[in-house]
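User: Hi! Could you walk me through this one? I'd like to start with the surface.

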Amino acid sequence: ILNHFTLFSFLEDVLSKDAGECAICLEELQQGDTIARLPCLCIYHKCIDEWFEVNRSCPEHPSD
């Protein structure tokens, strides 16, 4: 599923292995979680939806 937020889009995916901590909600990114994979390849939980309501860039790459 490709989601669009004005000028930003991401691919919804299922995480294939544990990947540390989500920079937005600070919960662990665990195998099997539904994630959002941004064009910069950063991954987040679906909390990115709320992030994009007020922000238009990757939380970790704001100048991109």
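Predicted model: local features only at pLDDT ≥ 70, side-chain atom pairs only at ≥ 80, totals over all residues.

User: Thanks. How much of the chain counts as buried?

Analyst: The protein chain has 64 residues, and 30% of them count as buried.

User: Among contacts between residues at least 6 apart in sequence, how many join residues at least 24 apart?

Analyst: That comes to 30% of those contacts in the protein chain.

User: Back to the surface. Which residues gather in a patch of negative charge?

Analyst: That patch brings together D18, E21, E27 and E28.

User: Where is E27 found?

Analyst: E27 lies in the loop that runs between β2 (8–14) and β3 (34–37). Q30 has its place in the loop between β2 and β3 too.

User: Oh, Q30! Why does it count as partly exposed?

Analyst: Its relative accessibility is 42%. Partly exposed covers the range between the buried cut-off, under 20%, and the exposed one, over 50%, so Q30 counts as partly exposed.

User: What is Q30 in contact with, leaving aside neighbours within four places in sequence?

Analyst: With those neighbours set aside, Q30 is in contact with L15 and D18. D18 is also one of the residues in the negative patch.

User: And how far apart are Q30 and K17 in space?

Analyst: They are 6.4 Å apart, C-alpha to C-alpha, with a separation of 13 residues in sequence.

Terms used: Residues numbered from 1 in each chain as written. Heavy atoms only, no water. Patch = residues over 30% accessible without salt bridge, like charges linked within 9 Å, V, L, I, M, F, W, Y side chains within 5 Å. Areas by Shrake-Rupley, 256 points an atom, 1.4 Å probe, with all protein chains shown as cover. Salt bridge = Lys/Arg side-chain N within 4 Å of Asp/Glu carboxyl O. Lys, Arg positive; Asp, Glu negative; His and termini not counted. Charge placed at Lys NZ, Arg CZ, Asp CG, Glu CD. Helix = DSSP H or I, 4+ residues; strand = E, 2+ residues; numbered from the N terminus. Buried < 20%, exposed > 50% of the residue type's maximum accessible area, 1.4 Å probe, protein only. Contact = heavy atoms within 4.5 Å.
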